[in-house]
Amino acid sequence: MRQLAELLGVGSVEVIKQLMRNGILANINQAVDFDAASSVVVSFGYEVQKPQAAPRASPVRKEEGGELEPRPPVITIMGHVDHGKTSLLDAIRQTNVIATEVGAITQHIGAYQVEVDGRKITFLDTPGHEAFTAMRARGAQATDITVLVVAADDGVMPQTVEAINHARAAGVPIVVAINKIDKPDANPEVVKQRLADLGLVIEEWSGDVVCVSISAKKRQGISELLENLLLVADILELKADPNCPAEGVVVEAGLDKTRGSLVTFLVQKGTLGIGDALVVGNVWGKVKAMFDDLGRHIKKAGPATPVEVLGVNGIPQAGDTFMVVSDEHRARSILEERAAKAQRETSAFSEPLSLSALSAQISSGRVKELNIILKTDVQGSIEPLKDSLERLSTEELKVKVIHSGSGSIIESDVLLALASKGVIVGFNARPQPGARRLAEVEGISIRYYDVIYELVEDVEKALKGMLEPTYTEVVEGHAEVRAIFSAGKKGKVAGIYIKEGKISREASARILRQGEIVCESRIGSLKRFKGDVKEVVAGFECGVGIEGFIDFQVGDIIESYRREEVT
């Protein structure tokens, strides 16, 4: 089918749609007979000539490592706030989910499963791309397809752009749902043009992005959207082994007042059952009870099935992975091994990149792509900076600005850097307090610049493996010279009074005279009551000798400082 689509010069989804109209279900990698293929060719306005001899079909090889079976797709719905994400899910489920949410805005991650024409689809309804990326940052690739909801009356908004960039960074196919087309001021064509400007060219405009116009409120276009989601899922050929020990990911977890720890799992392979012992992140448990998304008791949950579980002896984080093990003793043993391994591991692979560390990783061949999150003070600075950075790409290493925007550096920028192992570069842009704290906790370094050429030059040096560490000065203290004494062959020493901070032996120092620097050196000696001391703090007097300098004058200011490497 892929070869046929290429020969016709059309999208693979269009070929599959035409086959479905003829009553044939096939995926993009599947072969079809001559009659089926010819019907597709004719529908696109071409003539068909039958070959003299049909080639013999090659035998189909079974997948190794277990019997793989088709599984439901897992769909994440993302988009700008109030563009109708939960209303869309409500329309699909035919239940009033949104009425239970505070202020009609989604407050937590929900996992739901629906059945369409006898086929199941699993939906993850998230509060935004931050949660989606936070799960990825912990190693959980839980989503197969992303539905990007854009309001036809509101258009593409900043959070829409961020959602697109986060989905691209995850390598997840995007299906666009243009919502609220029933509104008088709806203008879907403007939305399509803006999406095309962002690189999402829809099939209607000869692109490869599926786009469906819908009204979640009036339930228009929902069937067409579900049909297209199943088509994209068929192209992806989603399969899993239902007969192996279950593995999956934590969607959400919390503490129920009456039942204890309640964890929502998304089973990704195998089948989870009552009584199974499992390891979840840094905790373990035994499945005591399971509930589906409607709260009904169930005994088994297969691949791509969301399920609430009782029996975990702690509260894991969203994005933690779980796996079923033979018994509780094995579970405890695995947790001990993980704790020991976490202490030993210092591999650069597991840590986010920084420009300072990048050059060493480039020289060892471990990094092939540099992902950059670029934030600027004004919108007009983005394009020239982005072009300048991406032009630095070489055959060995590609520079990719995966997200850019104007304004402060926010938490979602830090999460994206963590998930994509990228670096954050701020041009006249500073982080918000929450983003700064998150960056410190996760070990993400943020580089700041106010001159364009310095920014580009630093990245270029990093690509060449030449970046030198950046240092900053930290002033430790100031002292005033109040007397000058002879020190024999050593020259002269100064009697000083520490006005603020402290003066430390062997620290760097500069002599300031009427505000001008007359010498930069280091403190060679520090004495108090004829005895050597390491440091003297504010409010005390002492004698000081400066290496290579004897021309003291009463009133000089000695500034003590140290240099710290900026990571």
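Is Lys 180 buried or exposed? In this predicted model, Lys 180 is buried, because its relative accessible area is 18% and buried means under 20%. This residue is found in the loop that runs between strand E6 (174-179) and helix H7 (188-197). Its backbone deserves attention too: Lys 180 has a positive phi of about 65°, although it is not a glycine. Most residues other than glycine have a negative phi.

Gln 514 can be read alongside it. Phi of Gln 514 is near 55°, again a positive value in a residue other than glycine. Gln 514 lies in a loop as well, between strand E24 (508-513) and strand E25 (516-528).

From single residues we turn to a pair of helices. Helix H4 covers residues 85-93 and helix H8 covers residues 222-236. Their axes come within 10 Å and cross at roughly 90°. That angle makes H4 roughly perpendicular to H8, because angles of 65 to 115 degrees count as roughly perpendicular. On the side of H4, the contact is made by Leu 88, Ala 91 and Ile 92. On the side of H8, Ile 222, Leu 225 and Leu 226 take part. Sorted by class, the contact of H4 with H8 has six nonpolar residues, no polar residues and no charged residues.

The next feature is a sheet. Strands of a sheet pair through backbone hydrogen bonds, either parallel or antiparallel. Here, four strands form an open sheet in the order E19-E18-E20-E21, and the pairing is parallel. Which strands stand at the edges? They are strand E19 (398-406) and strand E21 (446-449). Each has a single partner strand, so one side of each is left without a neighbour in the sheet. From one strand to the next, the twist averages 25°.

Strand E20 (residues 423-427) and E21 pair in the parallel sense over four bridges. Val 425 stands opposite Arg 447 in E21.

A helix also packs on the sheet: helix H11, made of residues 382-390. H11 touches strand E18 (369-376), E19 and E20. The direction of H11 makes about 170° with that of E19.

Key: Residues numbered from 1 in each chain as written. Predicted model: local features only at pLDDT ≥ 70, side-chain atom pairs only at ≥ 80, totals over all residues. Heavy atoms only, no water. Axes fitted to C-alpha atoms, helices over the stretch in contact; angles between N-to-C directions. Helix = DSSP H or I, 4+ residues; strand = E, 2+ residues; numbered from the N terminus. Parallel < 35°, antiparallel > 145°, perpendicular 65-115°, else oblique. Contact = heavy atoms within 4.5 Å. Nonpolar A, V, L, I, M, F, W, Y, C, P; charged D, E, K, R; others polar. Pairing = 2+ DSSP bridges. Buried < 20%, exposed > 50% of the residue type's maximum accessible area, 1.4 Å probe, protein only.
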